[in-house]
Amino acid sequence: PGFWAVIPAAGVGSRMRADRPKQYLPLAGRTVLEHTLDIFFRHPRISGVVLVISADDGWFGDLDIRTDKPLWVVDGGAERCHSVLNGLKALMTHADPRDWVLVHDAARPCLSDGDLDQLLDTLRDDPVGGILATPVRDTKKRAGPDGRISATVDRGAMWRAFTPQMFRLAALEAALERALAEGFLVTDEASAMEHAGQAPLLVEGSARNIKITQPEDLSLAEFYLSRR
Ligand code: C5P
């Protein structure tokens, strides 16, 4: 089966307090989105990319996009899960339903080739699929309504969920459709698969695969990219 990437990049990034969505902010001489796209354009095992951008996106046209792979650009939706679903539906018209799809946040430009290879190698014969993740290192507290600690959560079994999240195209599309139809809160692709009764595999990756969320994350990302 083939491997495809779906990149949701239709968010507005309000937490960045910037004049443009975070995927269009400058990072090490390019934009965040150009770095992210390049990871998949360069990777020999990725067949093509679906990029999901906002219907009123005013920035994508100014980027310098060069690739010899198929690139389809489609409109996003109200929330990340709707954007991803639009991307999957577009991919269904080009790819085999049993192909693998890797959903990766545009806002994670520091994904390494090594982690991407690790994900592909670990999951290529897996019946379900899985996600890049790292074990939780800090002690976790549950907050009570008064802002005081109501419990200390056992971190031993806790992981931070990253992307890419890799599943079979038709299976993921069906799981997302079902979760949304049933009003289930879909925060990532794995949560939709879990709702459908599947148990995605946790594949340990680097904690450097950060999601750009706040202004200071850009300096950190620039540092990580410079150390590659
Ligand atoms: O806002 P957050 O950091 O969770 O967004 C994660 C990714 O999902 C970003 O790359 C963002 O552009 C994308 N997104 C989207 N459609 C939305 C909201 C977010 O494609 N409606």
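**The sheet, its helices and the ligand shell**

A: Helix 2 (residues 80-92) lies across strand 1 (3-9), strand 4 (48-53), strand 5 and strand 6, and runs at about 145° to strand 1. Helices (H or I, at least four residues) and strands (E, at least two) are DSSP runs numbered from the N terminus. Angles, from 0 to 180 degrees, are taken between N-to-C directions, with axes fitted to C-alpha atoms, for helices over the stretch in contact. Contact means that C-beta atoms, placed from the backbone, lie within 7 Å.

This is a predicted model: local features need pLDDT of at least 70, side-chain atom pairs count only at pLDDT 80 or more, and totals for chains, interfaces and linings use all residues. Residues are numbered from 1 along each chain as its sequence is written.

The open sheet has seven strands in the order 5-4-1-6-10-7-11, with mixed pairing. Two strands pair if DSSP finds at least two bridges between them. Strand 5 (71-75) and strand 11 (201-204) are the edge strands, each pairing on one side only. From one strand to the next, the twist averages 25°.

Strand 6 (residues 100-103) pairs with strand 10 (residues 159-168) in the antiparallel sense, over four bridges. Here Leu-102 stands opposite Met-166 in strand 10. Helix 4 (residues 169-181) packs on the sheet and touches strand 6 and strand 10, its direction making about 120° with that of strand 10.

The ligand is surrounded by 17 residues, the closest being Pro-8, Ala-10, Gly-11, Ser-83 and Ala-106.

Definitions and conventions. Two residues are in contact if their C-beta atoms, placed from the backbone, lie within 7 Å. A residue is near a molecule or strand if its C-beta atom, placed from the backbone, lies within 6 Å of it.
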